Amino acid sequence: MSDAELTVAVAGPVATVVIRNPARRNAMTVAMWRQLPELLDRLEPDPDVRALVLTGAGDAFCAGADLGDLAELLDAGDASIAVAAEERLAAFAKPTIAAIRGACVGGGAQLAVACDLRIASDDARLGVPPARLGLVYPALTTRRLARLVGPSAAKHLLFTAELIDAERALRIGLVDEVLPGDRLAERVDDLTATIAQRSPLSVAAAKEIVDDRAGPARIAWWHRKVVDSGEAREGVAAIAERRTPRFAWRAPTER
């Protein structure tokens, strides 16, 4: 049995997906790229899951795609299973957070950038190495990176293939927060707990709109849901009564 796998644990409203490949600093194998969308398809309709954390086992997030599988990924180009896994992660309907320690390189950075938020420990090292390997980074992946950090910073990462430290990643917007390693788990727990207390309707709508996946008809649908669901009435009542709101809206389970 291979040690390379993705594992899932659900604790309360948070699902945690852990990348495990100890022999290769959690590099993603072909089997793991295929596994990720299947796990997300299973977790997304679960009404009890309010947020998803993606992290790596041990002291690394993910060192990229397993180079032993490189030929299969190259043959597929932008239609590769790695790109499909990234797109499925980006489209996950609930908030996603990458908790990053150590190496977050290549395919690892690809997955982290596909998450909504990235929280890093101060020992994190991030990079995009295709220029060192003579590869062309997938177009969807390249554009997502450029939207996140801006064209100039994206070009610097892509042209040089340099690894950057967590503080520089924070300055260019590649990560959202940097903490000492012994505080990373606590911060991610606090963040996911806060998100889980917010209106899932508000959060889901915000994610779609920020990601530019909601056209006028969909935005109108969201506004109707505010009225139909009673979420806003509950939120206002909770403030007036000085209590925690009891948001009850659940997303439709069909994809």
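**Note on the predicted model: strands, core and pocket**

1. Within strand E3, Thr-55 is the bridge partner of Val-18, and the two strands concerned, E2 and E3 (residues 51-56), pair in the parallel sense over six bridges. Strands here are DSSP runs (E, at least two residues) and helices likewise (H or I, at least four residues), numbered from the N terminus, and two strands count as paired if DSSP finds at least two bridges between them.

2. This is a predicted model, in which local features need pLDDT of at least 70 and side-chain atom pairs count only at pLDDT 80 or more, whereas totals for chains, interfaces and linings use all residues. Residues are numbered from 1 along each chain as its sequence is written, and side-chain values use heavy atoms, with hydrogens and water left out.

3. Strand E2 (residues 14-20) has five of its seven residues buried (under 20% relative accessible area, with a 1.4 Å probe and protein chains only), so it is largely enclosed by the rest of the structure. Strand E1 (residues 5-11) pairs with E2 in the antiparallel sense over seven bridges, with Thr-16 of E2 as the bridge partner of Ala-9. The two form a hairpin with two residues between them, and Gly-12 in the turn has a positive phi of about 60°.

4. A separate point concerns the open sheet of three strands, which runs in the order E5-E7-E8 with mixed pairing. Strand E5 (103-105) and strand E8 (164-165) stand at the edges with a single partner strand each, so one side of each lacks a neighbour in the sheet. Strand E7 (residues 125-127) pairs with E8 in the antiparallel sense over two bridges, and Asp-165 in E8 is the bridge partner of Arg-125.

5. The largest nonpolar core has 48 residues, and those with the most contacts inside it are Ile-19, Phe-61, Ile-100, Leu-126, Leu-145 and Leu-174. A nonpolar core is a set of buried Ala, Val, Leu, Ile, Met, Phe, Trp, Tyr and Cys residues joined through side-chain atoms within 4.5 Å. Helix H1 (residues 30-43) gives the largest share of this core, six residues. Apart from this core lies another, of 10 residues, among them Val-14, Ala-99, Ile-119 and Val-188.

6. By class, the lining of the largest pocket has 19 nonpolar, six polar and five charged residues. Nonpolar here means Ala, Val, Leu, Ile, Met, Phe, Trp, Tyr, Cys and Pro, charged means Asp, Glu, Lys and Arg, and the others, Gly among them, are polar.

Terms used. Buried means under 20% relative accessible area, exposed over 50%, partly exposed in between (1.4 Å probe, protein chains only).
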